[in-house]
Amino acid sequence: KSRSKTKMKFVTEIQAIDPATGEMCKWQGPHIEAISESHARLICDTTGLGYCKVVGRLVAEIDCGDGSIDTKFARTTDYSNDN
């Protein structure tokens, strides 16, 4: 009997020079779907994203792609296992 593991989303960051100021800054990197933080690191290392640092698990997103602000969190996608 095989059990599939639930994928989570992980947040990454990169450090790069801000072209406007010339200063080193932290920037948001891509979200990585993985079964654990160490798996997210492995995905980064094997897909050309080795420069990204995995900084934690993404627990929610709010879809406001139409320019509106969702103040009631009605369009929230909750990724936490806490509910």
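Helices (H or I, at least four residues) and strands (E, at least two) are DSSP runs, numbered from the N terminus. The order from the N terminus is β-β-β-α-β-β-β. This is a predicted model, where local features need pLDDT of at least 70, side-chain atom pairs count only at pLDDT 80 or more, and totals for chains, interfaces and linings use all residues. Residues are numbered from 1 along each chain as its sequence is written, and side-chain values use heavy atoms, with hydrogens and water left out.

Colour by burial next. Of 83 residues, 22% are buried (under 20% relative accessible area, 1.4 Å probe, protein chains only).

Now select Met8, Phe10, Ile32, Ala34, Ala40, Cys44, Leu49, Cys52 and Val54. These nine residues form the largest nonpolar core (buried Ala, Val, Leu, Ile, Met, Phe, Trp, Tyr and Cys residues joined through side-chain atoms within 4.5 Å). At least two core residues come from each of β1 (8-17), β3 (32-34) and α1 (37-46).

Centre on Cys44. Setting aside residues up to four places away in sequence, its contacts are Thr12, Ile32, Leu49, Gly50, Cys52 and Val54 (heavy atoms within 4.5 Å).

Move to Asp18, in the loop between β1 and β2 (24-28). Asp18 is buried but has no salt bridge (a side-chain nitrogen of Lys or Arg within 4 Å of a carboxyl oxygen of Asp or Glu). Lys26, the nearest side chain of opposite charge, lies 15 Å away. What does the side chain of Asp18 reach at 2.8 Å? The backbone nitrogen of Ala20. Finish by showing Glu23, Cys25 and Trp27, which contact Asp18 when neighbours within four places in sequence are left aside.

Methods
Buried < 20%, exposed > 50% of the residue type's maximum accessible area, 1.4 Å probe, protein only. Lys, Arg positive; Asp, Glu negative; His and termini not counted. Polar contact = N/O pair within 3.5 Å; in protein donor to acceptor, adjacent residues only side chain to side chain.
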